[in-house]
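Biologist: Before we discuss particular contacts, I should like to hear the reasoning behind each label. Please show the structure first.

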Amino acid sequence: MQNKEYLYGIHTVQAAIEQKKRPLFCLYYKEDAKVKAIKNIIELANQQGCESKAVTPAKLGQLSGSKYHQGIVLEAGEILTYRWKNWIDQHKNEKRLLLLSIDQVNDPQNLGAIMRSALFLGASALLYAGQNLSPLSPSVSKASSGAMEILPIIKEVNLGQALRDCQKENFWIIGADMDENAKAYQTIEPLDRSVLVMGNEGEGLRHKTKQICDIIASIKGSNLIDSLNVSAATAVLLAHFAKDIVNEQ
């Protein structure tokens, strides 16, 4: 039986319908909706044969579990993800690829912000592998402003094995860490094929993840504060390592 999820927020719902990466069951919208964006989404859903219903704001809050639904909720199935072999087979002939990976990032707001930065700054896909990760939930999609619905997601069980599989396809693994032996990221030239691995805010990269990395990169900043949070650090590093990819798009 198909699991049902309740996506909410204008950008998230619109992206989910447009990208067609989920089964669509029913669109719920606020009674007497006058917002043009909501009217456009209703029309888009109807074009795809998705049922739509006008309901009360209370019902929208009940369905979404959030007061930030913006007057619209989409009942849908789980998002489509790729396995590594399937994804790389489709991109074997592409010279420049940058994957973003996360090592035990378990806060949904951080994961959503990371995915939004990844999409905006030109990452090729998110490598979502390992344990203690935030689920790919509606709250993550909302925090990503719909980026989760657009960015390709490669889902694997074991992060270490997934990174080694990337290395077999000539990807360099760049770990982000404040290790004393790390190189300042500005001194590392963007590579044709690479995976940028971000750790969680509390512990950073695990030791066994760092052992797999080919390069450890750090962001040197002011002595007045220890570090950036993981979503801000991701944006800084992606802006550097993905700049050639963005320039070619």
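Predicted model: local features only at pLDDT ≥ 70, side-chain atom pairs only at ≥ 80, totals over all residues.

Modeller: Helix α5 has 14 residues, which at 1.5 Å a residue should span 20 Å; its end C-alpha atoms are 20 Å apart, so the two values agree.

Biologist: Which residues of α5 are called buried?

Modeller: The buried residues of this helix are Asn110, Leu111, Gly112, Ile114, Met115, Ser117, Ala118 and Leu121. The label requires a relative accessible area under 20%.

Biologist: What is found at the start of α5, and what follows the helix?

Modeller: At the start, a side-chain oxygen of Asp107 comes to within 3.1 Å of the backbone nitrogen of Gln109. After the helix comes Gly122, with a positive phi near 100°.

Biologist: Why is the pair Glu149 and Arg22 called a salt bridge?

Modeller: The N to O distance between the two side chains is 2.8 Å, and the cut-off is 4 Å between a Lys or Arg nitrogen and an Asp or Glu carboxyl oxygen, so the pair qualifies. Glu149 belongs to helix α7, Arg22 to the loop between α1 and β2, and 127 residues separate them.

Biologist: Are these two partners buried or exposed?

Modeller: Glu149 has a relative accessible area of 1% and is therefore buried. Arg22 counts as buried too, at 6%. Glu5, Arg22 and Glu149 are linked in a network of salt bridges.

Biologist: How many salt bridges does the structure hold?

Modeller: It holds 12 salt bridges. One of them joins the side chains of Asp103 and Arg206 at 2.8 Å, N to O. Asp103 lies in strand β5 and Arg206 in the loop between β10 and α9, so this pair ties together parts that are 103 residues apart in sequence.

Biologist: What makes Asp103 buried but Arg206 partly exposed?

Modeller: Asp103 has 1% relative accessibility and so counts as buried. Arg206 has 25% and counts as partly exposed, because that class lies between the limits of 20% and 50%.

Biologist: How do you know that Lys210 and Asp179 also form a salt bridge?

Modeller: Their side chains meet at 3.7 Å, N to O, and this value is within 4 Å, so the term applies. Lys210 is in helix α9 and Asp179 in the loop between β8 and β9, 31 residues apart. Lys210, at 23%, is partly exposed, and Asp179 is partly exposed at 25%.

Biologist: Which residues touch the most other members of the largest nonpolar core?

Modeller: Of its 34 residues, these are Leu100, Met115, Tyr128, Leu196, Met198, Leu237 and Leu238. At least two core residues come from each of β5, α5, β6, β8, β10, β11 and α10.

Biologist: Which residues does Leu237 touch, not counting those up to four places away in sequence?

Modeller: Leu237 touches Ala176, Tyr185, Leu196, Met198 and Ile219. There is also a second, separate core of 22 residues, including Ala125, Leu159, Cys166 and Val195.

Methods
Residues numbered from 1 in each chain as written. Heavy atoms only, no water. Helix = DSSP H or I, 4+ residues; strand = E, 2+ residues; numbered from the N terminus. Buried < 20%, exposed > 50% of the residue type's maximum accessible area, 1.4 Å probe, protein only. Core = buried A, V, L, I, M, F, W, Y, C linked by side-chain atoms within 4.5 Å. Contact = heavy atoms within 4.5 Å. Expected span 1.5 Å × (residues − 1). Polar contact = N/O pair within 3.5 Å; in protein donor to acceptor, adjacent residues only side chain to side chain.
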